[in-house]
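Welcome, and please have the viewer ready.

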Amino acid sequence: MSKIRFDGSVAVITGTNAGFGQPYALLFASRCSKVVINDMDDDLHGPSTGYKAADVVDKEIKEAGCTTVANYVSVSEVAKIIKTALDTYGRIDILVNNAGILRDRSFVDLSEDNWDVIQIGHLKGSFKMPQSAFRVMKKQGYGRVTITSSGSSLSGSFATNRLTQDILPEELYQDLKSELNVPVNYLCHENCQENAAIVESSGCCTGKLQICRSKCEEKPTPCRQTDIFTFSSKDLVLYALGVGASLQNEEDRNLLYENHHNFRAIPSFYILPGNQATIPFLLTQTINGTKLSFENSLHGEQYLEIYESLPEAGTLLSIPKKVEVLDKGSGALVVVESNCYNEQDAIIMRNQYVLFAVGAGNFGGPRTSKHIVPCLPKPARKPDLSLTYKTTIDQAALYRLSGDFNPIHIDPNFSTLVGYDKPILHGLCTLGISVRLIMGAFASNDPELFRAVKARFAGVVEPGQTLIVHMWRSGNLIHFETVVVENNTAAIIGGDRISDLRRFLDFTYLICSFNSLLLSVSLLTR
């Protein structure tokens, strides 16, 4: 492999007297870089007189036929170092901020003056030098900055530098000489793709370091079989059919054909894993003496937030946890959070389930929530876009095959028992229909653009009725409200804010309002 070269580039290197700085400067110069070397005479105990430290390296480079200029000030005098480079060469392509100051004192004997000098050289120098060089590089449209530091805080290494030169045996010092630890030159080359990396180089070895943070959570374990949700492309297609996807609309084909080159999931499908775990969990709860059941419980609100790219098949684990119970007088609001884990035990999404328990109130508990994701009102103007969908008489019968088997949606006797004339459509089905229409209108059915949805269920839809989804755009927000056309009653209302995004990109919030359901979707713009 040919040697990397720096033809015509200008490299500013601080702290070139000894240690690593000297071989950095010599190698850059030998590879045809124009070098600005900087160092002030300084030994282990304090400053000395004269400027021969930088002159030694300057002379060696020039004797080798290479180009260099010396500068003799402290890194605290940044302007003078930058001026030397610009006055001599007119630009700065590379900065190696290598300067350090040694004060050979024990912790007990270190004076405050020496402490201040160390902070100026190490801490302030690592701020001021890159800042000043960056301003020049930004105007040029190019630049590389490398900051060196002691590796002793990471590994306790006993490196070869001015501090150890008088301590190590000469033979050992030469065997570990700094010329054998020079990764900086490669890191500064235009072909190097490293950015914001931490590289350790000592004892003739170089390695890249990584900082790892644990999530401070124990490995999740299921409490019930329903906590485990296994699915495949077949389930994605069945869900899409259940919320109204149809081949009558060619744009829905990628939702219904698993071998389509652009096969996609409707994002609201991923409410199902948490729903499957949460319903059995809630049915084990007793609130203020009231045992929760299908007969006395209403799904009030739903929130889904996605953290990672979602799989199109596999096994997910949801762990539901009751976080608060609110006293609403005629009943109680039970708030359940459910984190969902993938097969690598990483949290990929969060569901929040709010249930209204009829007759479980008046126990003297709090009325205001600290956990429920809040809602935003729709704009006070006509909608910018409205889309309709006529549900079928079989809509609930089909949707329930995705796992929501509450008999209120299929059994006339049961629905009469709880106060309805006939079986009603699932609130989550209405939510899924609304999300499907919104994703098609604003995101080309791309689930990667979806971040979250919040829904408040406040009305009733009967299978066979027609839904109209009104949408408003307001800056980076899109609000919507879903209404039953036959009686002009809202089925989903409201909206909420989304804050945690996975990418630093432009984003659009999709806030969905329904009178039986409140929905909010966050999208990333293309």
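Helices (H or I, at least four residues) and strands (E, at least two) are DSSP runs, numbered from the N terminus.

## The chain as a whole

This is a predicted model, in which local features need pLDDT of at least 70 and side-chain atom pairs count only at pLDDT 80 or more, while totals for chains, interfaces and linings use all residues. Residues are numbered from 1 along each chain as its sequence is written, and side-chain values use heavy atoms, with hydrogens and water left out.

The chain has 14 helices and 21 strands. Of its 526 residues, 48% are buried (under 20% relative accessible area with a 1.4 Å probe, protein chains only).

## Helix α11

Let us turn to α11, which covers residues 272-282. Nine of its eleven residues are buried, so the helix is largely enclosed by the rest of the structure. The buried ones are Leu272, Pro273, Gly274, Asn275, Ala277, Thr278, Ile279, Phe281 and Leu282.

## The second largest pocket

A pocket is an open set of points on a 1 Å grid over the protein atoms alone, with protein on both sides within 12 Å along at least five of seven lines; lining residues have an atom within 4 Å of a point. Helix α11 returns here: together with β11 (297-306), β14 (347-358) and α14 (427-442), each supplies at least two residues of the lining of the second largest pocket.

The lining has 35 residues, and Ser297, Leu298, His299, His409 and Ile424 lie nearest the pocket's centre. By class, 20 are nonpolar, 13 polar and two charged; here Ala, Val, Leu, Ile, Met, Phe, Trp, Tyr, Cys and Pro count as nonpolar, Asp, Glu, Lys and Arg as charged, and the others, Gly among them, as polar.

## His470 in strand β17

His470 sits in strand β17 (residues 466-474) and is buried, with a relative accessible area of 19%. The His470 side chain makes a polar contact with the side chain of Ser386 (2.7 Å); such a contact is a pair of N or O atoms within 3.5 Å, where within protein one must be able to donate a hydrogen and the other to accept it, and residues adjacent in sequence count only if both atoms are side-chain atoms.

Leaving aside neighbours within four places in sequence, His470 is in contact with Pro383, Leu385, Ser386, His479, Phe480, Glu481 and Val483.

Notes
Buried < 20%, exposed > 50% of the residue type's maximum accessible area, 1.4 Å probe, protein only. Contact = heavy atoms within 4.5 Å. 1 Å grid on protein atoms, 1.4 Å probe; cavity = no way out; pocket = protein on both sides within 12 Å on 5 of 7 lines; lining within 4 Å.
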